[in-house]
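Here are my notes on this one, jotted down while going through it. Have a look at the structure first, then read on.

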Amino acid sequence: MGIIEPGIGLLFWMTLTFVILLFLLAKFAWKPIVNAVNDRETSIVDALNQATLARKEMETLKEDNERIIREAKIERDAILKEAREIKDRIVGEAKDAAKAEGDRMIEAAKQTIQTEKNAAMADIKTQIGTISVNIAESILKQKLDNSEAQNELVQNYLNKSNLN
């Protein structure tokens, strides 16, 4: 029955072997294993910290991007508003200039018409005067064929000129 029941010698050698094994493990293997576990733990903690920092940095970048986009939209709206105002001002100035030019052209046309009208009236007066003189001349020629009528006409003019 020696296998099932341990003997003192077997127990002694097993204990001695176990203690030697523990001593060897503690002396040579325990520190590298603990150091490897500690290093692994440190690297995991660092990785988690870096992930947290990266997440925070991503949130900051996202907020900055959103702020930049908002500012860009505001600036775009301001530029569009300014462009509309410039367009309206230019269109208004063009309309005013066109109206002023039209008014100037109308005034010039009125002056030209008035000048032409005055020239036409002067020409008509000249023609009427010429025609009147021609008519009066032909009437006087008919009436003053005899010298007695001529003397009477001269006498009338002299009397009228003395009265004036």
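Which residue's side chain meets Asp 64 in a salt bridge?

1. That would be Arg 67, at 3.9 Å from N to O. A salt bridge here is a side-chain nitrogen of Lys or Arg within 4 Å of a carboxyl oxygen of Asp or Glu. Both residues sit in helix 1, three residues apart, about one turn of the helix. (Helices are DSSP runs of H or I, at least four residues, numbered from the N terminus.)

2. Before going further, a caveat: this is a predicted model, where local features need pLDDT of at least 70, side-chain atom pairs count only at pLDDT 80 or more, and totals for chains, interfaces and linings use all residues. Residues are numbered from 1 along each chain as its sequence is written, and side-chain values use heavy atoms, leaving out hydrogens and water.

3. Back to that pair: Asp 64 and Arg 67 also join Glu 71 in a network of salt bridges. Arg 67 is partly exposed at 36% relative accessibility, and Asp 64 is too, at 28%. (Buried is under 20% relative accessible area, exposed over 50%, partly exposed in between, with a 1.4 Å probe and protein chains only.)

4. The whole structure has seven salt bridges. Among them, Arg 104 pairs with Glu 101, with the closest N and O atoms 2.4 Å apart. Those two are about one helical turn from each other, because they lie three residues apart in helix 1.

5. Asp 77 and Arg 76 make a salt bridge as well, at 3.2 Å from N to O. Asp 77 is partly exposed at 40%, and so is Arg 76, at 45%.
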